[in-house]
Amino acid sequence: MLKQIEGSRAVAEAVALCRPEVICAYPISPQTHIVEGIGEMVKSGELKDCEFLNVESEFAAMSVAIGSSATGARTYTATASQGLLFMVEAVFNASGLGLPIVMTVANRAIGAPINIWNDHSDSLSQRDCGWIQLFAETNQEALDLHIQAFKLAEELSLPVMVCMDGFILTHAYERVDMPTQEQVDAFLPPYEPRQVLDPAQPVSIGAMVGPEAFMEVRYLAHAKQMQALDLIPKMAEEFRAVFGRPIGGLTHTYCAEDAETMIIAMGSVLGTIKDVVDEMRQPENGGHKIGVLGITSFRPFPLVAVAEALRNCKRFLVLEKSLAVGIGGIVATNVRMAVTGMGLKGYTVIAGLGGRSITKKSLQALFDKVSRGELEPLTFLDLDWQVVNKHLERERQRRRSGPVAENILRDLGVVASKIA
Amino acid sequence: MFQVRIHGRGGQGVVTAAEMLSIAAFDEGRFAQAFPSFGSERTGAPVVAFCRIADKEIRLREPIMEPDALIIQDPTLLHQVDVFAGLKKDGYILINTNKSFEELGLGDFVRDWPHDRLCTVSATDLSRKHVGRPMPNVPLLGGFAAVSGVIRLESVIMAINDKFSGKVAAGNIAGATEAYETVRAAMAAACREESTHA
Amino acid sequence: MSFQPIKFYQTGTFTVGNRLLAPEERSVQAGEKRFNSLNSGHRACQGCGEALGARYAIDAAMEACHGKLIAANATGCLEVFSTPYPETSWQIPWIHSLFGNTAAVATGMAAALKVKGQTDVRVVAQGGDGGTTDIGFGCLSGMFERNDDVLYICYDNGGYMNTGVQRSSATPPAARTATTMAVGGEPGNTFGQGKFVPAIAMAHEIPFVATATVADLRDLEFKVTKAMGMRGARYIHILVPCPLGWGTPSQDTIRMARLAKETGVFPVFQAEHGEITAVLKIRKRLPVEEYLKPQKRYAHLFGKQPRVETIAHIQSLADKNIRRYRLLEEGVQ
């Protein structure tokens, strides 16, 4: 059924349709509306056979999820940014134990400095924790990926993180097609655990594993993610058969057939990129042969699919809302691994950190530059070099130069008067 | 694509206004996207919200840099925030006020502006009258429907019923309707005036 | 119970396996059909108080819920010695997640059972003092506050023993640990620090809070059984001497626990909804020296220049416990 609702509400309703049994969460912007929505549905009785727990920290949230999932209940939680970091020990524990928990990460920057706006640093900081990581481009995809996530997690016995841009998607009202309970039931069977705490068949879960077996256990986690490379596209096909739309999969391309320049990105910025690509392909705008590769599954990283998508292009530009401090791009580094030996020219653009808007205007200028081969290997989009250099000079001048963030804010002046 | 930017202060329902606008457009079978310029909740601070309306899927995610219409819920922002930034030539300007554009110090700004693109609504007064609270967002939507014709009043009413219920919904509908009719009347009067001067 | 003449040496003993009692009065451990939840073959030190306490507590819990129990365990001695790869000595469903989250894991387990309508299956959580009073404290308080249906058992040996005897917030004042060495002007753990979690548990007004020791194992079993007869958040804090960490002979574990109780150093009581309902009185009061002297972790208080003031300070804390928890029988000074 078509609805005009907030992205968070769409996710809440989708999760509710998946017949979750235990939901536990701790509030953090910008995930709050998701959990509030589900909480209300449980309390009012609309969502039955579901325990909703208000926990005392994100670490507790993931821990409650571990206990619940190990006892055989379909379990869900949501977090972002600092909250994800606070639960990291438990995040690794969950994947190490092979528990099919589904978690929404409403992507938000990590402090210091504290910042509540969108970028991908939170999820990507956990790219090696063993969870499957899926990135949604629209609210439709966000809600649909949650439905796929439960099935994927339970088939593989591996937890799944569904990532959606905080505020940009979570707090945006847009049209979505909400599935029916019948459709979801047809797609998602009840949870059949591979391991469960059951008095009838006692097992010990979580024993120490020494050097004799640790490598094998860890390899098996990697092997499961390799299985996911096959399962994710299959899941998308099954989904299309039941729900009638193409959602999910490892990657998708746009205008790629004859593209000489390929733009690679994840999440909601793909929408803006596609609008720019359409405009730049117009003859009156230069008729640029430019295409897009959207990565949906970041973990497992689809090396083969990425290489395939970039096979015929001359150059690629990775536009990412993340920064590996000390080296450059995170997504870019993963992409480069896929295209080793292909002789392609690659560019990394770090953009949108901490919620800085990525505008059509800036992208047009950027794509223009890259198609002329005039871009540096690493670019920070719309960076105010004046402010940066002023601060570097300040630090050179005196030892007690003061907190960086506060100095820069003072240089920028009143923020309220700006639109973007 | 039609792009509306709404300016106000926290607590004046700016975000709800954008959402209702998007719901109204949805009710007319169109695609719409509404989102706030995000921030921690804080009453009284300047807030901006955006709404895009189109006939096909909206992929664009940037803030509205070049609005086709501006709705200004709080005139104290006029000389504090650059509310007019990027406004398209001859774009719609709606302001919640019982003053005129001249009295607000905007005389020079709108000197050559087509009059049928400018609109004032005493939205705060209307909401106090019909809902008992100074919440100008809904009457302004009624005014917007009237001045722009981008959405119908019926759709605004459907959006009100989506967000509110009972007496509050009824009051809001009354407020929006009165704003709509007042603006329509003012436009008709201006039209007659122009044609007699022509 | 009918009177029957019994030879002197068989009465008044603390023997747990007293088969002279009527069957329903015997301890769980005395029964042949006990579950052996923590089975033999684990790698605990000789004389480990925690292994003893866990065996009694979990078997009593299993008995009380007819074998339908699932357990969460914190990282620590108990977890490490009971599951030496590739073996486990647990005969019950058991999960070890992390160090600081055991109470939260148990909360999740209870929630899952509730939603599945498995009301006959119960949840127990267990951890040492480190995992409970320090790193696990936030999750513990959260579980208490929500009144989740979990029995949390804390085995308190007064330090992080598994990692080499470091100080925890349960380490008593003046005790030597690897991070509160017996050197300098104030050797051993600092006075004026530390927390007594049973009192904090009572402040949460949860249905049941109790302390126990491995010297009164019948009492421990009673308390576990009683706790399992209730729903909601329950907490049992058991003093379990650690021969290695305390520097005591392995055969003296039970005796050390008894001395802790009889000197008033460790109060043994029960409380419901924040109010004390029963107290295990001191049978024959002893000065704290009797308790401190046998332990090498207090050796720096004795010897050629005994730290009389420190011992007096410890005595005053014991006196405070005796007053506060009313540990003295009428007629004993």
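Is H3(B) largely enclosed by the rest of the structure or exposed, and how many of its residues are buried? In this predicted model, 11 of the 12 residues of H3(B) are buried, so this helix is largely enclosed by the rest of the structure; a residue is buried if 20 or more other C-beta atoms, placed from the backbone, lie within 10 Å of its own.

Local features need pLDDT of at least 70 and side-chain atom pairs count only at pLDDT 80 or more, whereas totals for chains, interfaces and linings use all residues. Residues are numbered from 1 along each chain as its sequence is written, with chains lettered from A in the order in which they are written.

Helices (H or I, at least four residues) and strands (E, at least two) are DSSP runs, numbered from the N terminus.

Turning to the interface, 25 residues of chain B are in contact with 24 residues of chain A, contact being C-beta atoms, placed from the backbone, within 7 Å. E2(B) gives the most to the chain B side, with six residues.

The elements that give two or more residues to that side are tabulated here.

| Element of chain B | Residues |
|---|---|
| Helix H1 | 14–27 |
| Strand E2 | 31–36 |
| Strand E3 | 46–54 |

The model scores ipTM 0.92 and pTM 0.94.

Note on methods:
Contact = placed C-beta atoms within 7 Å.
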